[in-house]
Amino acid sequence: MKDGYYLSAYLHIDPLDHLLDMNMGRHDQNLALFHKSGSEVRLVRYWEVERLTGMKQHAFSFYDKSHAEQLIGRLLGTCGLSLEDMAEVWGTPQLQTCEDYLPDLSQLTYHSMAHLFSAVMLDTEPFFNGQILGLAVDDSPDTLLDPYARTKPYYSGCVVRHGEIEMFPVSSPGPLWYWAMRRYSLQPGTLMALAAASTSEAYMEPFETLSVLSDRYDGDVEAFFRALEFIDGLTPADAGRRFNGFDPRFTERENKISMVMKHIQAMSISIMERNVEEILGRYGLDASETVLALAGGYVLNCPTNSHLMRKYGFAGFMAPPCVNDGGISLGMGLYAFYKKMNYASFRFKLESAYAGTIDEELEPLLRSYSSFVHSVKKMDSGQIVKDLIRQPVLWFDAAAEMGPRALGHRSILGDPRDTGTKDALNEIKQREWWRPVAPVMLESELGEWFEDAYPSPFMLHTFALRGDKRERVPAIAHLDGTARVQTVEAGVNPALHEVLRSFYEHTGVPLLCNTSLNDKGEPIIDTMEEVVNFALRKGIRVAYFNGVRVEFRNHSDYGETEPLTRRVRMNVLNGSEKEAAWKLINPHGIPADLLKYYKLIVERNPDRTYDLTDAAHVKAITKEIRRFKAMYAKQLD
């Protein structure tokens with residue numbers, strides 16, 4: 001395998017999906033740029049497409065290969081490169097330059113294997129010289145490179161011993177959360193927060209641990225969901241008998257959702273425990289000598305991660321900051337190197353989460369917004385502490401972080417000693433009052449403030465505040481006295497470490513409130529101009545840009561009320577071009593609402609041939625679509 005640059009692209013290209021403004025295959029699309037030199041592999045840059053387009057969990061298809069290549073060329077250009085400089089391109093059928101990077105797909109899905117390798121090879125030292133238990137626990141796989149993924153178990157586990165890996169199917173709590181998300185029209189993060197925020201709890205006999213191998217629920221899973229239905233009918237008259245009563249701080253609906261989610265969370269932890277215990281027993285592993293490696297969207301459930309670490313005493317923990325589908329191109333690339341380098345040792349370590357967009361053009365930006373700029377000064381450690389005590393500040397530093405959580409390069413920071421800070425941050429973000437705010441803190445002080453804690457650089461763990469500390473930082477404490485923590489080392493994030501150190505010296509508190517720099521329904525901000533737009537719309541006085549303090553003024557004169565349009569636009573066809581494309585792809589005029597179900601049928605029947613240009617075939621297809629639509633609607637009910 002020759003030295004050079006390699007591109008892993010988790011994109012979706014399909015003209016019909018593009019015209020339908022949908023994507024049946026891939027969401028949270030992303031690209032990873034690697035460089036290989038001898039046995040050394042390095043991640044050069046990582047791009048999450050949602051930050052470029054502004055489309056949360058970007059699930060839209062590129063129209064054609066040229067459309068995707070335009071974006072890729074633009075991104076590579078920021079590194080002084082082009083597609084011609086890539087030794088190989090992997091991950092997207094229309095773009096890939098070879099196929100020998102793919103694994104054997106007879107037993108496991110490619111999607112889950114990519115997740116798995118994004119975790120187990122995050123640091124190749126324990127992979128080749130130690131022992132790892134890995135779990136990839138998500139919801140549903142994409143089928144673009146693995147058309148038969150829907151016929152196999154969806155989720156993967158593995159045991160790695162000194163570079164030898166054995167993979168196998170495992171169970172995932174992911175579909176339970178998808179069921180709740182669909183039922184309540186709320187995102188998993190909101191559901192998780194609500195479960196912990198309300199004190200309402202329904203009384204229900206414990207269920208035996210479920211086996212959830214796919215989104216095709218068996219009888220036990222359906223019985224579990226049916227058992228939860230009684231919660232919908234609870235009234236105040238049932239308090240003390242069927243549940244402990246409604247928490248008066250919440251609406252009746254919120255309390256009922258919280259009760260359901262408490263049981264789903266408990267079942268989710270039980271599923272993960274059984275995965276771990278079966279693997280430890282089957283392979284005779286000692287957890288104290290084994291690293292736990294996790295990936296997949298469910299791993300954003302921090303209480304589960306921390307519970308597994310505490311209960312089993314694993315030797316270490318590995319998970320990428322982009323544990324959701326936003327990390328698929330990372331895992332695709334790491335598996336490709338592993339296979340193409342003949343399964344031999346190579347060196348890779350993700351040193352930090354900061355591999356995203358770099359934006360350094362502050363001076364020309366501030367000139368264009370000069371009427372709104374009061375002052376521009378170099379960062380002073382004493383001044384930023386005063387700013388934080390007065391009001392939350394916006395924090396933009398160097399390359400964007402990977403993943404869906406603010407990790408101190410695109411953040412809103414605030415004083416954790418005042419509950420008003422949490423209220424202010426939730427108001428800024430247009431979030432419910434009960435949503436918790438996470439802390440970012442000096443890693444060196446972690447043990448003094450949290451019980452049974454260990455480094456958590458990617459905010460994937462929840463720890464309990466020590467009793468004598470809870471009253472000092474009420475803005476970051478959950479109802480149960482825990483907090484979702486990010487730890488910071490000076491060598492990894494020097495600028496934020498300096499801010500934390502200064503705040504600690506002035507206040508005796510080594511942590512700050514840290515929430516992502518974005519508006520409701522918007523991906524995390526990517527560029528400096530998006531920060532300026534945010535500050536002026538939200539009435540925020542101070543922002544820090546790569547160590548430069550900018551104080552704003554005249555906020556009321558700023559006419560914009562919506563987030564700034566992102567740099568990449570997905571709609572590449574004008575009116576006449578779009579009409580011509582429709583006629584070419586769908587000449588017999590199947591209605592767009594039916595075509596969306598047609599895409600589901602195609603995904604579920606990879607061996608069949610479909611031809612939308614054949615009139616006789618279209619008649620049969622339309623009948624099939626209508627039958628499928630009725631069946632699918634019934635399933636959703």
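Two strands are taken as paired if DSSP finds at least two bridges between them. In this predicted model, ten strands form an open sheet of mixed pairing, in the order E10-E19-E18-E11-E12-E17-E13-E16-E15-E14. Strand E10 (373-378) and strand E14 (450-451) stand at the edges with a single partner strand each, so one side of each has no neighbour in the sheet. Within the sheet, strand E11 (residues 393-396) runs antiparallel to strand E12 (residues 410-414), and four bridges join the two. Trp395 stands opposite Ser411 in E12.

Helix H10 (residues 302-312) packs on the sheet, where it touches strand E15 (461-465) and strand E16 (482-488); the direction of H10 makes about 75° with that of E15. The buried residues of H10 are Cys302, Thr304, Asn305, Ser306, Leu308, Met309 and Tyr312. These residues pack against E15 and E16, and also against helix H7 (188-197), H9, strand E8 (291-295) and strand E9 (316-318). Gly313 follows H10 and has a positive phi, near 65°.

In soluble globular proteins, nonpolar side chains tend to be buried together. The largest nonpolar core of the model holds 169 residues, of which Phe34, Leu43, Leu176, Ile264, Leu330, Phe450 and Phe545 touch the most other members. Helix H9 (residues 252-283) gives the most to this core, with twelve residues. Leaving aside residues up to four places away in sequence, Phe450 touches Pro439, Met441, Phe463, Ala464, Leu465, Arg466, Ile476, Ala483, Val485 and Leu511. A second, separate core has 22 residues, among them Val44, Trp47, Leu95 and Val568.

Notes:
Residues numbered from 1 in each chain as written. Predicted model: local features only at pLDDT ≥ 70, side-chain atom pairs only at ≥ 80, totals over all residues. Heavy atoms only, no water. Contact = heavy atoms within 4.5 Å. Axes fitted to C-alpha atoms, helices over the stretch in contact; angles between N-to-C directions. Core = buried A, V, L, I, M, F, W, Y, C linked by side-chain atoms within 4.5 Å. Buried < 20%, exposed > 50% of the residue type's maximum accessible area, 1.4 Å probe, protein only.
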